[in-house]
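Here's a quick briefing to read with the model open beside you. Have a look at the fold, then work through the points below.

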Amino acid sequence: MLFRFFAFALFYASAALAQSDTDRSAQLFLELNALQDVGANCRLTFLARNETGAAIEEAVFETVVFDTTGGVMSLSLFDFQNLPMDRPRVRQFDLPGVACDTLGQALINGASICMVDGAESGVCDQALSLSSRLSVELLG
């Protein structure tokens, strides 16, 4: 009887461990890749890699941009459109009337829209992993 108990406990512990490994490997990477002054606008370029295991049909993120002193400059919805599974995508967003050298940080507040298989999904928030190649931090 004791053997059955330990075998049962070992089976469920292994299953739980495998599940948590799967969840940690499923990620949606957003990298702030470049900033470029374009006329009177600052253009933010992001590299997105969807490694969640599912195609994201639509992803819109509420994004807050701060100046170099920490003051809020803008709050916008960035529409990353569709993000196919295991295929990188580059998305660009212009901040009107903003010089890029005044940006200090960008904050992804969360997903405003995240559609997977025709239904709203939490994967855009749960699997989000942020990074920046620049001195401008990308926070989440």
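Aspartate 117 is exposed, with a relative accessible area of 69%; buried here means under 20% relative accessible area, exposed over 50%, and partly exposed in between, using a 1.4 Å probe and protein chains only. Keep in mind that this is a predicted model, in which local features need pLDDT of at least 70, side-chain atom pairs count only at pLDDT 80 or more, and totals for chains, interfaces and linings use all residues. Residues are numbered from 1 along each chain as its sequence is written, and side-chain values use heavy atoms, with hydrogens and water left out.

**The overall layout**

- The chain has 2 helices and 9 strands, where helices (H or I, at least four residues) and strands (E, at least two) are DSSP runs numbered from the N terminus.
- Reading from the N terminus, the order of elements is α-β-β-β-β-β-β-β-α-β-β.
- Of the 140 residues in the chain, 31% are buried.

**A negative patch on the surface**

- Glu57, Glu58, Asp79, Asp117 and Glu120 gather in a surface patch of negative charge.
- To be in a patch, a residue needs over 30% relative accessible area and no salt bridge, and like charges are joined within 9 Å (for nonpolar side chains, Val, Leu, Ile, Met, Phe, Trp and Tyr, the limit is 5 Å).
- For charge, Lys and Arg count as positive and Asp and Glu as negative, while His and the chain ends are not counted.
- Glutamate 120 sits in strand E7, residues 119–120, and is exposed at 52% relative accessible area.
- Aspartate 117 is found in the loop between strand E6 (103–116) and E7.

**Positive phi angles**

- Most residues other than glycine have a negative phi.
- Aspartate 117 has a positive phi, near 55 degrees, and is not a glycine.
- Glutamine 81 also has a positive phi, near 60 degrees, in a residue other than glycine.
- Glutamine 81 belongs to strand E4, residues 72–83, and counts as partly exposed at 42% relative accessibility.

**Salt bridges**

- Side chains of opposite charge can pair when their charged atoms come close.
- A salt bridge here is a side-chain nitrogen of Lys or Arg within 4 Å of a carboxyl oxygen of Asp or Glu, and the count comes to 2 salt bridges.
- Aspartate 94 pairs with arginine 43, with 2.8 Å between the closest N and O atoms.
- Because aspartate 94 lies in strand E5 (residues 89–95) and arginine 43 in strand E2, this pair ties together parts that are 51 residues apart in sequence.
- Both partners are partly exposed: aspartate 94 has a relative accessible area of 33%, and arginine 43 comes in at 21%.
- Glutamate 51 forms a salt bridge with arginine 49, and here the closest N and O atoms are 2.9 Å apart.
- Glutamate 51 is partly exposed at 31% relative accessibility, and arginine 49 is partly exposed at 33%.

- Arginine 91 is part of strand E5.
- A polar atom of the arginine 91 side chain lies 2.7 Å from the backbone oxygen of asparagine 82; a polar contact is a pair of N or O atoms within 3.5 Å, where within protein one must be able to donate a hydrogen and the other to accept it, and residues adjacent in sequence count only if both atoms are side-chain atoms.

**A loop threonine**

- Threonine 52 is in the loop between strand E2 (41–51) and strand E3 (56–67).
- Threonine 52 is buried, with a relative accessible area of 14%.
- The threonine 52 side chain reaches the backbone oxygen of alanine 54 at 3.1 Å.

- Cysteine 42 is in strand E2 and counts as buried at 0% relative accessibility.
- The C-alpha atoms of cysteine 42 and proline 96 are separated by 6.7 Å, with the two residues 54 apart along the chain.
- Aspartate 86 is located in the loop between E4 and E5 and is exposed, with a relative accessible area of 57%.
- Between the C-alpha atoms of aspartate 86 and asparagine 50 there are 5.5 Å, and these residues are 36 apart along the chain.

Key. Areas by Shrake-Rupley, 256 points an atom, 1.4 Å probe, with all protein chains shown as cover. Charge placed at Lys NZ, Arg CZ, Asp CG, Glu CD.
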